[in-house]
Number of protein chains: 2
Amino acid sequence: MSDDGQTRAEKLASEIADAILDGTFEPGSRLDEHMLAARYGTSRTPVREALRQLAATGLIDLRPRRGAIVALVTSDQLEVLFVAMGELEATCARLSALSMTPIERRRLEVLQDSMGELVAQNDVAAYTAANTSFHTLFYTGCHNPVISEMAIGLRRRLAPFRQAQFRAVGRLARSHAEHAVVVGAVLAGNASAAHAAMLRHVSLVEDAFEELRNVPA
Amino acid sequence: MSDDGQTRAEKLASEIADAILDGTFEPGSRLDEHMLAARYGTSRTPVREALRQLAATGLIDLRPRRGAIVALVTSDQLEVLFVAMGELEATCARLSALSMTPIERRRLEVLQDSMGELVAQNDVAAYTAANTSFHTLFYTGCHNPVISEMAIGLRRRLAPFRQAQFRAVGRLARSHAEHAVVVGAVLAGNASAAHAAMLRHVSLVEDAFEELRNVPA
DNA sequence: TGGGGAAATCTTGCATGCAATTTTAATTAA
DNA sequence: TTAATTAAAATTGCATGCAAGATTTCCCCA
């Protein structure tokens with residue numbers, strides 16, 4: 001089993017990334033090469049290659065001769081990351097308004113409608129899942145893998161900080177209403193309106209996160 | 001000499017990147033690990049780590065068990081890269097309009113004026129250099145290292161394809177006029193206008209590149 | 001003469017080991 | 001008790017070697 005064409009270093013990079021994102025390795029903790037090698041049953045060589053790959057994504061911090069630590073995101077950096085993701089998502093929406101195929105536009109419309117039903121049923125879990133699909137549609141719809149991969153990388157990195165954003169009352173309906181503006185602009189082919197609407201939407205999501213974050217620990 | 005706190009793999013990554021960008025290693029050519037190790041006087045281990053780092057930036061293509069090749073950018077990919085860079089630059093301008101400090105705004109103003117003189121003198125070389133400074137001001141001015149690093153990385157990657165864009169007649173004055181619109185919007189704190197103006201500017205630069213590229217080989 | 005297949009060669013992937021640097025601990029002096 | 005110094009331990013950086021997979025070469029057959 002296990003060998004699907006990927007090299008061990010690649011699988012390690014992905015597994016370590018998962019472990020970091022799901023909290024197994026806490027921010028700031030040292031990623032000892034021997035420890036990782038033992039944990040994943042390999043030698044240090046592929047571990048080192050994986051670490052270098054992860055360092056390039058910003059997930060870990062690789063200090064020469066001093067080892068790797070899980071990147072600790074300060075409050076400031078988190079702000080910067082959220083802003084960056086927002087801008088990228090807005091850009092995706094902008095390009096989607098210009099580049100989406102009729103089929104993609106139709107999919108967007110259908111998803112928006114079905115999410116409306118989820119709002120009516122107040123199904124938070126299903127809405128959260130659909131919300132991911134919603135944003136994914138723009139990643140593919142912008143037809144620019146360079147931008148979409150940047151956005152996906154950021155979204156992935158911010159995932160641990162985005163949980164439970166729809167818990168607050170009325171957030172579901174509000175999110176859906178904001179989506180409607182974005183969808184309308186994209187379907188109308190109005191690039192700048194799509195950009196502005198998506199930016200407003202994700203900024204509000206960020207605000208919701210802020211509220212969460214400022215709850216006394 | 002030689003040891004300035006950097007690890008060999010890091011220096012290798014930077015040296016190989018330079019060699020790729022200056023054309024020493026042509027797109028599509030194989031990057032043999034033994035060859036690289038011999039060329040830079042190390043063993044294969046740091047070479048492999050450097051290659052993994054470069055693969056993360058998209059500069060090389062690392063195919064499992066099949067070695068690394070210098071990423072060959074097709075015409076389509078180049079288009080995608082230019083669009084991505086344009087969008088990021090526009091985003092930088094947008095954020096700059098919101099976040100630049102008075103000092104940064106002043107610097108922008110001063111540079112814009114001095115570039116006007118270069119246009120009058122038709123000093124292409126100096127204008128080209130100043131143009132880099134101009135864009136760099138927005139990278140720092142957006143106050144978002146995540147976005148600016150993405151933009152810088154793209155600009156670096158596209159550098160080999162951007163040469164001589166000011167050769168065409170009248171391009172200098174036109175560039176400066178476009179800059180004026182961007183600067184005006186940023187100084188006025190008009191985010192969406194700054195975004196639109198920068199987007200228009202870089203799109204035109206891209207068009208100039210297109211003209212160059214379509215010259216029969 | 002051209003195509004298919006097997007063997008030889010080459011290249012990558014990974015483990016291991018050693019040297020160098022950093023980190024930790026211990027010991028001593030103030 | 002605390003700070004400084006030094007020695008020990010641990011950890012990283014890198015070279016080397018071998019095995020597995022890919023590539024090339026060569027030969028045979030149609």
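Buried means under 20% relative accessible area, exposed over 50%, and partly exposed in between, with a 1.4 Å probe and protein chains only. The views below come from a predicted model, in which local features need pLDDT of at least 70, side-chain atom pairs count only at pLDDT 80 or more, and totals for chains, interfaces and linings use all residues. Residues are numbered from 1 along each chain as its sequence is written, chains are lettered from A and ligands numbered from 1 in the order in which they are written, and side-chain values use heavy atoms, with hydrogens and water left out.

**View 1. His143(A) in the loop between helix H6 (124-141) and H7 of chain A.** Helices (H or I, at least four residues) and strands (E, at least two) are DSSP runs, numbered from the N terminus. Phi of His143(A) is near 55 degrees, a positive value in a residue other than glycine. His143(A) counts as partly exposed because its relative accessibility is 38%.

**View 2. Asn122(B) in the loop between helix H5 (102-121) and helix H6 (124-141) of chain B.** The phi angle of Asn122(B) is positive, near 55 degrees, and the residue is not glycine. With a relative accessibility of 53%, Asn122(B) counts as exposed.

**View 3. Chain A as a whole.** Chain A has nine helices and three strands, and in sequence order these follow the pattern α-β-α-α-β-β-α-α-α-α-α-α. The C-alpha trace of chain A spans about 55 × 45 × 30 Å along its principal axes. Of the 217 residues in chain A, 45% are buried. Contact means heavy atoms within 4.5 Å. Among contacts in chain A between residues at least 6 apart in sequence, those that join residues at least 24 apart make up 70%.

**View 4. Helix H4 of chain A and Met85(A), which lies in it.** The expected span of a helix is 1.5 Å times one less than its number of residues. H4(A) is mostly covered, with 18 of its 25 residues buried. Met85(A) is itself buried, at a relative accessible area of 2%. Leaving aside residues up to four places away in sequence, Met85(A) touches Ala151(A), Leu154(A), Arg155(A), Leu158(A) and Arg162(A). Val183(A) is 98 residues from Met85(A) in sequence and 19 Å from Met85(A) in space, C-alpha to C-alpha.

**View 5. The interface of chain A and chain B.** Here 29 residues of chain A are in contact with 29 residues of chain B. Buried area is the accessible area (1.4 Å probe) that two parts lose on being put together, summed over both. Between chain A and chain B about 2400 Å² is buried, and carbon and sulfur atoms give 62% of that area. On the side of chain A, the residues that lose the most area to chain B are Glu49(A), Arg52(A) and Glu87(A), together 25% of what that side buries.

View 6. A salt bridge is a side-chain nitrogen of Lys or Arg within 4 Å of a carboxyl oxygen of Asp or Glu. By this rule six salt bridges cross the interface of chain A and chain B. Eleven residue pairs are in polar contact between chain A and chain B, with both residues at pLDDT 80 or more. Helix H1 (8-21), helix H3 (44-57), helix H4 (75-99), helix H7 (145-158) and helix H9 (191-213) of chain A each supply at least two residues of the side that touches chain B. H4(A) gives the most to this side, with nine residues.

**View 7. Helix H8 (residues 171-187) of chain B.** At 1.5 Å a residue, the 17 residues of H8(B) should span 24 Å, and the end C-alpha atoms are 24 Å apart, which agrees. Among the buried residues of H8(B) are Arg171(B), Leu172(B), His176(B), His179(B) and Val183(B). Gly189(B), with a positive phi near 70 degrees, follows H8(B).

Notes. A polar contact is a pair of N or O atoms within 3.5 Å; within protein, one must be able to donate a hydrogen and the other to accept it, and residues adjacent in sequence count only if both atoms are side-chain atoms.
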